[in-house]
Amino acid sequence: DLVGVAPRLRARDAAFEPLSTAIEEGRLVSFSYAKPGEEAARVRRVEPLALVFADANWLLVSYDLDRASERMFLLARILSTPRTLGAVDTKRYPGVTPEQHAARALDALAELARRQRARLEVREGSDAEVRLRSVASAADTPWREIELGYTDVDLLANRLASFGSEVRVLEPEQLAKLVEARLTAVVSDHSEVAP
């Protein structure tokens, strides 16, 4: 009965517990963060507001002290154990709970996914079709076109590349190029090199 089932198990990100504790205790934190497109990780100093689970990833909702604005950070991109810095400024968000911050962040992510759309073709009967299908066409072809929303183009590229030849990105072009680059790197990493 389980033929064709490929569970994806992942332990919670290492930064989750320290950040959760910092939120509960009202503590500022710093951590090293690797942002796609930047050569080196940068230290971020934030007031952690909430942890949310969206698009199969944990995110930190926070107030970035150096940029003086709210930011979200993907826990998987936090490279160091969050280090506490001191107490939060209680005047910044008087009476706002972590649950309220989380609800607002999830609404913002949902709106972003409504605006950012990707068109794909998935091979009929494939794992990709089962996992990604939101609307299946009735065309008589081995491919089904689907459309899905996304919040982070790099994360979506990673996910789509994991399906290999089961997915073809139709648009946006940036996503197609990112998936192609990931698949090219896999081929390059696994090609035989002559001695």
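Reader: What order do the elements of the protein chain run in, from the N terminus on?
Author: They go α-β-β-β-β-β-α-β-α-β-α-β-α. Here helices (H or I, at least four residues) and strands (E, at least two) are DSSP runs, numbered from the N terminus. This is a predicted model, where local features need pLDDT of at least 70 and side-chain atom pairs count only at pLDDT 80 or more, while totals for chains, interfaces and linings use all residues. Residues are numbered from 1 along each chain as its sequence is written, and side-chain values use heavy atoms, with hydrogens and water left out.

Reader: Okay, and how many helices and strands does the secondary structure come to?
Author: Five helices and eight strands.

Reader: What share of the residues count as buried?
Author: Of the 195 residues in the protein chain, 34% do. Buried means under 20% relative accessible area, exposed means over 50%, and partly exposed is in between (1.4 Å probe, protein chains only).

Reader: Let's do H2. Which of its residues are buried?
Author: His101, Ala102, Ala105, Leu109, Leu112 and Ala113 are buried in H2. Seen down the axis of H2, the buried residues fall within an arc of 105 degrees, so they line one face of the helix. That arc is taken from the directions from the helix axis to the C-beta atoms.

Reader: And which ones are exposed on the other side of H2?
Author: Glu99, Asp107, Arg114 and Arg115.

Reader: How far apart are the end C-alpha atoms of H2?
Author: They are 26 Å apart, which agrees with the 26 Å that 18 residues should span at 1.5 Å a residue. The expected span is 1.5 Å times one less than the number of residues in the helix.

Reader: New topic: aromatic rings. How many aromatic pairs are there?
Author: The count comes to six aromatic pairs. Rings of Phe, Tyr and Trp (its six-membered ring) pair if their centres lie within 6.5 Å; planes under 30 degrees apart count as stacked, over 60 as edge-to-face and the rest as tilted. One of the pairs is Phe31 with Phe73, edge-to-face, at 5.5 Å centre to centre and 80 degrees between the planes.

Reader: Which parts does that pair tie together?
Author: Phe31 lies in strand S1 (residues 27–33) and Phe73 in strand S4, so the pair ties together parts that are 42 residues apart in sequence.

Reader: Are those two buried or exposed?
Author: Phe31 and Phe73 are both buried.

Reader: What about Phe53 and Trp58, what kind of pair is that?
Author: Their ring centres are 5.1 Å apart and their planes are at 55 degrees, so this pair is tilted. Phe53 counts as partly exposed, at 48% relative accessibility. Together with Phe16, Phe53 and Trp58 form one aromatic cluster.

Reader: Where is Phe16, then?
Author: Phe16 is in helix H1 and counts as buried at 10% relative accessibility. Phe16 and Leu59 are 43 residues apart in sequence, with their C-alpha atoms 9.1 Å apart in space.

Reader: Who else is found in helix H1?
Author: Ile23 is in H1 (residues 16–25), and Ile23 is buried too, with a relative accessible area of 16%. The C-alpha atoms of Ile23 and Leu49 are separated by 6.1 Å, and the two residues are 26 apart along the chain.
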